[in-house]
Amino acid sequence: MEKMSRVTTALGGSALTGRTMHCHLDAPANAISVCRDAAQVVVAGRSIFKIYAIEDEQFVEKLNLRVGRKPSLNLSCADVVWHQMDENLLATAATNGVVVTWNLGRPSRNKQDQLFTEHKRTVNKVCFHPTEAHVLLSGSQDGFMKCFDLRRKDSVSTFSGQSESVRDVQFSIRDYFTFASTFENGNVQLWDIRRPDRCERMFTAHNGPVFCCDWHPEDRGWLATGGRDKMVKVWDMTTHRAKEVHCVQTIASVARVKWRPECRHHLATCSMMVDHNIYVWDVRRPFVPAAMFEEHRDVTTGIAWRHPHDPSFLLSGSKDSTLCQHLFRDASQPVERANPEGLCYGLFGDLAFAAKESLVSAESGRKPCAGDRRHPIFFKRKLDPAEPFVGLASSALSVFEMEPSSGSMSWFVDTAERYALAGRPLAELCDHNAKVARELGRNQVAQTWTMLRIIYSSPGLASAASLNHSVGKGSSYGLPLMNSFNLKDMAPGLGSETRLDRSKGDTRSDTVLLDSSTTLITNEDNEETEGSDVPADYLLGDVEGEEDELYLLDPEHAHTEEPEYVLPQEAFPLRHEIVDTPPGPEHLQDKADSPHVSGSEADAASLAPVDSSFSLISVSHALYDTRLPPDFFSALVCDMLRFYAEQGDVQMAVSVLIVLGERVRKDIDEQTQEHWYTSYIDLLQRFCLWNVSNQVVKLSTSRAISCLNQASTTLHVNCSHCKRPMSSRGWVCDRCHRCASMCAVCHHVVKGLFVWCQGCSHGGHLQHIMKWLEGSSHCPAGCGHLCEYS
Amino acid sequence: MNRGGSSPSAAANYLLCTNCRKVLRKDKRIRVSQPLTRGPSAFIPEKEVVQANTVDERTNFLVEEYSTSGRLDNITQVMSLHTQYLESFLRSQFYMLRMDGPLPLPHRHYIAIMAAARHQCSYLINMHVDEFLKTGGIAEWLNGLEYVPQRLKNLNEINKLLAHRPWLITKEHIQKLVKTGENNWSLPELVHAVVLLAHYHALASFVFGSGINPERDPEISNGFRLISVNNFCVCDLANDNNIENASLTGNNFGIVDSLSELEALMDRMKRLREEREDEEASQEEMTTCFEKEKKESLFVVSGDTFHSFPHSDFEDDMIITSDVSRYIEDPGFGYEDFARRGEEHLPTFRAQDYTWENHGFSLVNRLYSDIGHLLDEKFRMVYNLTYNTMASHEDVDTTTLRRALFNYVHCMFGIRYDDYDYGEVNQLLERSLKVYIKTVTCYPERTTKRMYDSYWRQFKHSEKVHVNLLLMEARMQAELLYALRAITRHLT
C-alpha cells in the first residue's frame, strides 16, 4: 500500500497531458506495456521490440531492443510486460517458448538479462508480481505455468493446469499470493503461489478458449474474463463459488480486457479478429459500448491504460503497425448515434413501442385514439439513480392491443378453401371464384373475377348480361361512405405518391390539396395496428357514392387524358390504371384514395352517360366491337395483380396468376411471381391449410416453387428381418437380401403403396388389403388379428 | 454419355504400376488376376476391420445418425477403428453436407466432386455423383465443367491452388470471387465452399492412404459413375505384408529387423523427452532445421523414382484421367515443393501469427455458423487421440510422435511453428514413413500398398489408420489456414 501511494505522489504534481495521436511502427505489434512513470511504452511483436517515449505531441522512439545481426527467435515476442515497481525491468514471452528478461540499466547495447528456456511451447503470457520485485510468472501453450525468481537461474515452481494451453496469467492485485490463469478449454483457475500441487479453485468461464483476464484494480474479488465466445464476463470471486456478476456481449472474440482506472464499472476490450475497434464498456450497460476508438485499420493486439490512476488515456498497438494514444474525450460514443425508439410486433398482433419519454408525452396529447380501440398500456421503467446515462434511460414503453375483429382472417381461410384454381374452363373458374368472393362479402374481388372472365373468355351476349348483373348487384349494397379509418390505410401509398409528384414538379392542385391530410396520416401511422387487409366493402361503399364517375371510361376519354398523365404513369402503375382500365375495382380503389382527383376529372367525364346500367352495356359493347385481343389487357391485369399484392392480398394475386396461367405469366417477372407464391404459401401454412398450399405449389409453374413439395419426401424404412435401414430400395434389403415388404394377400413384393396394420404389422398392396377387408375383418396373413382399415 | 459402361465388377479394374506394366509388355499372356484383398480396404486385411466392426454398436448408431448415404461405407468402416474420432468426423461431414448452410445441397456435392477430382479419387467422385443426383442436381452438370454455371466454374482456381499449393492463395483470389457481379460468391457461401474443398482434398488423402476399396454396390448405374479404378497395382496387393518383398522396394529399406526398428524409435522418443530439459537447441539451429526439413522433403519423393511415376508416363497411362478431368481444369497442376521456389521467396507461414484456435475458428464461425465448433472438436480430437500404445508396447506417451507427424505435414505446406524443433522430425520419422507422408498428403493418388507396408512394420493397422487420420486433418487444417488467412486479409 505504501508503495502504491508513492506512485501516485510521484505523479501527483504534474497531471498527464497529451492528445489523441499515433505513430507508425515498422512491424505489426503483438503486445504493449506501459512504464510506471506513464511516460514510456514498450511495443513488442514478431519483428519489433522498441521503447517509445510518450510526449505531448508525439511518440518518440527511445530505444530499440532488437539488436544483433541475425535476430533470433527469442526476440519474436508474443507478450511483453514492464515491471510496475522497477522501471528498468521488462520481460517478454517468445513464440518459441523462451521467457526473456531485460534490464535497461545495463550499460551495453544488448539489454538482454536472463533467458528461461523451460517451456516446450509458445509462451502466451508473462506477468510480474505487482509488489514483489523478483517474481515473474509465465503461462504457455504446453499447459504449464512457471514462476521464476529473477535472482535464480531457473523456475521456482511449476503449475500444471492439467489441460491444454494457458492463455493468460494475472497476479491478483490485492491478494499477495493469488494468481488467476485462463485456459484454451474455457476454464479459469485460481492458484496460490505457494501451492504448486493443485489449484485453489477452478470453474468454466467460457465456451471455447478464454483469451484474457484482468483483476479489478479496486474491487478485491472481481475478475473480468474475455473469450472466443465473444463475451466479457465479470466474476465475483469472494463468494464460495465464482459468481458471474456481469456479462457483456461483443461482436467478435475478445483478445484483451483491461479495467479502466478510477471508473468502477468500466473496462476496455479489443478483439482478436475482424473488428478493429477498441471499446470501453460500462458493464451495467452491456448492449451499447460507452465509448469506442476507431483509429486502427487492423486488429488491435494490445491495450494499456497509460496511468493506473488516470482514466482518460488509453494506449494501443495494432497489427496495422501503429501505436496509438487515445483520449477518452475524443472517443466516439455509440449511444449518441443509437436510435432511442423501438417498435415490435407481438405474436398476436400486439404492437409494442418504446421511445424516449419526452417524445411520448409530447405526442400523446394529439394521438387520436379510435373509439373502438383499447387504450395503450403504458410501462415505465423504474430508474436507478446510481445508473449512468440517466437522461437516455428514461424511456416509455407503450403496448397497443389488436382490435379483436380486425384481426380475424376467416375470410382468408374461407376463400382459400373454396376457390377453384384449375380443372375447369377459365370462364367457370372465374364465375366460381367470383361467387365465392361475393358470398364472403368481398365485392371488389368478385368484380375482378368477373372482369377477368370477360377479358379472357370469348365475349358474348351472356357475358355482357352477367356483367350487368353482377355490377348491378354490387351496387345494390348500400354502404357507408369511406370513413377516416379507411383513409389512413391508404395513406402510406398516397403519401409517397404526392411527394413524388411534387418532386417531379407536377403541381396538380389535387395532390397538393391532399397533402396536408396525408402527412398527418402518415405521422399517425406508427401507432396504427391495423391489419393490412382492408375490408373490401368499405371500398366499394365509396364506389357507390361516386357512381357517376365510375363508368366514365370511354376510349376517347382515356386517350385525351393520357398525355397529361405521362409523368405519373412512369412512376406509379396505380395512376396508369385510372387512365385506361375498364371499370375494374382497382380503378375504384384509386378513386377512393383521392376523391379530389376524381372531382377534378368531373368535367372531362361529363360526356359520359350517368345511367349506370346503360354505361355498362356500352362498355362491354365497345370492347366487343373493337375486338381487342386479350393481350391488349395483359399489362392492365398485371398492374392489377401487383396492386393486390401491394395491398397485402397476395391470395388474389396468386389465385389469378394460377387461373389465368400462360395468359399473363410472361408479363410478370419470375422473381415477383416467386415472391408472391412464397408469401401465399407461407400464409396458407400458417393457417394449416396444407392441402391448399400443396395445390398451389403443384399448380405453380415457377421452378423454385414447384420443387418445394419435392424436398424431404423420403421415407426411411428399416428391414423387417434384420432391422437395419434399407438404403437403395424400399422393398429389398441389401444386407439380408430378402424382400422386406410382401403383400399378405397376393404374396408378391409390394413396390408401390404399402399399407399395414398397426396392430399385427401385416399388410400389403393397398388395393388388395382394401378388397380383403371388405370381405373379412381378420388379418389376411392368418395371424388372427382383427385388423381395422379406416 | 455412358462413360462408366454398365459398371462392371468394379473391383476388377486395378491400375498397373510401371513395374508390372513392363512385365506385361514382355509377356502378354499374363492375365491380371483378381485382387486378393476384399473388404473395405486394399491395404488392411478384411478381418482386422470387420472384427473391430461387429463389436461396435456405437458405429452403427453413428452411421444411422450422420451418414448421408444411410449405409456403412468403406471409409466409415476403416475409420471405425477409431470410434471417438469417427463421431466428430461424421458429425462435421454431415453438417457441411446436409445441415443449414448457405449453399444448396446439390452444389455441395458438386463441390465435393470437384475437390476429389483434383486427386483423381474415383471413389469419392462416384459417391458424390450419386448423392448429387439424389439431392436433385442437374444431371447435365456431370458431363463436365463446361456444363455448370459460371459461378461454380469460378471456384476452379481456388480448388486447384488449395489442393496442391495452398500458399499461393492471396486475397486477390478471394476478391475476384466475391466481387459484385452476376456470378459473385457471398462470403458465407465461399467459406462453406472452402471448407468443403479442404475436407474433400484431405479425405482423398485418407482414401488413397488407407487403400479404400470401391463400394460393392454397382447396381445403381446412372451412366455418370466412373469405372471404379483402384489405384493399387495387383503386385502391391499380392505381396501381402511379406518381409521378403521388402527387398523389392530397393535400397531404401534394407532388411532391418523391424523389431529393433521399433525399439530404436521408442528409445529416441524417450531420449527426446528427457533431453529437452538439459540440451537446448540454439535458435539458429532450429531455423536451419526447419529449412533443412523443408529441403529434404524435396528429395523424399523425387529421389525415390521407384515409387513415383515419371510424370509423362503417369498421365498417359491413367485410364481414368480423361473421365475425371471433366471436373477439373489444368490437370497438370500439381504439388510443387514449397522450398523449391527459392526465387519467388514466399514467406514462411508463421503458425503463431494465424492459428486455427484464435483466428481460423472465429472467422469460420462468424461466416458459417457452428461449423467452427465441429471442426474445432475434430482437430482437437485427432490431435489428442491416443491409446498410449505403440505396436505391442503399452503405456507409451506418443505425444512427440503425433506432433512430429502433424508438424511435418504443415512443414510441407510451408507452415512453421516457432516453438517446434524440427530436428525431432528427423529423429522420429524414418525415411520410408516420410515417403509415405509426403505421397499421401501431396500426391495421394500415387500411394501404393508397398509404401503403406514399408514403414512401421511392427505397428498395427489401426495405428497406421491413426497416422492417416493425423495426416488428413493436418492437411485440412493447413489448407483452411491459408484460405482463411486470405479471406481475413480481404476483410481488413
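In this predicted model, strand β23 of chain A is joined to strand β24 (residues 278-282) of chain A by 5 bridges, and these two strands run antiparallel. Within this pairing, A:Leu267 stands opposite A:Trp281 of β24(A). The hairpin that β23(A) and β24(A) form has 6 residues between the strands, and in this hairpin A:Val274 takes a positive phi near 60 degrees.

A further pairing of β23(A) is made with strand β22 (residues 254-259) of chain A, to which β23(A) is joined by 5 bridges in an antiparallel arrangement. Here A:Ala268 of β23(A) is the bridge partner of A:Lys258. β22(A) and β23(A) likewise form a hairpin with 6 residues between them, in the turn of which A:Glu262 has a positive phi of about 65 degrees.

These pairings belong to an open sheet of 4 strands in chain A, in which the order is β22-β23-β24-β25 and the pairing is antiparallel. The edges of the sheet are held by β22 and β25 (291-293) of chain A, each of which has a single partner strand, so that one side of each is left without a neighbour in the sheet. On average, and with direction ignored, neighbouring strands of this sheet are turned by 20 degrees against each other.

In chain B, helix α11 (residues 187-209) has 23 residues and reaches 33 Å from its first C-alpha to its last, which is close to the 33 Å expected at 1.5 Å a residue. Since 22 of the 23 residues of α11(B) are buried, this helix is largely enclosed by the rest of the structure. Just after α11(B), a positive phi of about 60 degrees is taken by B:Gly211.

Technical notes
Residues numbered from 1 in each chain as written. Chains lettered and ligands numbered in written order. Predicted model: local features only at pLDDT ≥ 70, side-chain atom pairs only at ≥ 80, totals over all residues. Heavy atoms only, no water. Pairing = 2+ DSSP bridges. Expected span 1.5 Å × (residues − 1). Buried < 20%, exposed > 50% of the residue type's maximum accessible area, 1.4 Å probe, protein only. Axes fitted to C-alpha atoms, helices over the stretch in contact; angles between N-to-C directions.
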